[in-house]
Amino acid sequence: MSSKTVLVTLLFSVTSVIATKTHKVYWNTTNPIFRIDNTDHIVDVNQGNLPWEYDQLNIICPQNSREQHVIYSVSREEFDSCRVTSPRPKIVAICNKPETFMYFTITFRSFSPTPGGMEFKPGQTYYLISTSTTRDIHRRVGGFCSSHNMKMIFNVAEKEEQPSVNRNKQMIYNSPLYTALQTSSRRPATTTTTTQIPIYYYKSRTPAVHTSDYIYYYSPRDLVQLKLAAKRHSKHGMHDNSENETFRAARLTSASVSISTASCVLMMAISGLVKILV
């Protein structure tokens, strides 16, 4: 990744943090945004955001007050008539503990990480109202919506394409980080052309230890084969020794037989000679 790419990513990350907005609404009858003579209750969200950026809304419940509210997400007809007609309405917030500080956060994103959560599609308009009264928090007709105009409109901006480098050229090229990267020393580029085949030289490695210091490792199968070869060798040696002993005994027997025969012949010759002399 080049230094310019890193710089662009860093600047886009900083811009995304600044562009995301958090809207705060104190949901009580004394808030001037609910007055009929102004349009402060109409809010545009996600304007100028990148595809992964979403505005947020913090609904702050009344504290130390007799007011209690159930805030619904309704259609345009329900908004105009201050009447919740859906049998299963979408409840955004329930402010039923005025003795404690409570607030609810809404993120205007096109998908919900939780099943059944609210989703805000680009280019669409969403409506919030509160039809509660001081006596009945769950009332769905009239209530504070009719008496104090407690309703709001949120216009979700259309989806915009990710800004290119050319669009933010002025911001990027004038940044100190980009200037430092441009003025830093660069390694000169070298280009060489050759038609000859390169020749590579390799140097043999001399063992760092003597041959007598080598340690040889054998696998278990090699050890078994070595043991079998040793047994065969020992059996073959014993067989050769037995054959040598038999051959040696046969030679001694034949020698003794020949000596006995010669002795008999000599005795017969001597006895014959004696008879002739007598």
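Guide: This is a predicted model. The protein contains six helices and eight strands, and from the N terminus these elements follow the order α-β-β-β-β-α-β-β-β-α-β-α-α-α.

Visitor: What makes β3 and β6 paired strands?

Guide: Pairing requires at least two bridges between two strands.

Visitor: Which strands form the open sheet, and in what order?

Guide: Three strands form it, in the order β1-β3-β6, with mixed pairing.

Visitor: Why are β1 and β6 said to stand at the edges?

Guide: β1 (22-26) and β6 (103-107) each have a single partner strand, so one side of each lacks a neighbour in the sheet. On average, neighbouring strands of this sheet are turned by 20 degrees against each other, direction ignored.

Visitor: Why does Asn31 count as buried?

Guide: A residue is called buried when its relative accessible area is under 20%. Asn31 has 13% relative accessibility, and therefore counts as buried. Asn31 lies in the loop between β1 and β2 (42-45).

Visitor: Which residues does Asn31 touch, not counting those up to four places away in sequence?

Guide: Asn31 touches Val25 and Tyr26.

Visitor: How much of the protein counts as buried?

Guide: Of its 278 residues, 27% count as buried. The protein exposes about 21,100 Å², of which carbon and sulfur atoms supply 57%.

Key
Residues are numbered from 1 along each chain as its sequence is written. This is a predicted model: local features need pLDDT of at least 70, side-chain atom pairs count only at pLDDT 80 or more; totals for chains, interfaces and linings use all residues. Side-chain values use heavy atoms; hydrogens and water are left out. Helices (H or I, at least four residues) and strands (E, at least two) are DSSP runs, numbered from the N terminus. Axes are lines fitted to C-alpha atoms, for helices over the stretch in contact, and angles run from 0 to 180 degrees between N-to-C directions. Buried means under 20% relative accessible area, exposed over 50%, partly exposed in between (1.4 Å probe, protein chains only). Contact means heavy atoms within 4.5 Å. Accessible areas come from the Shrake-Rupley method with a 1.4 Å probe; for residues, only the protein chains shown count as cover.
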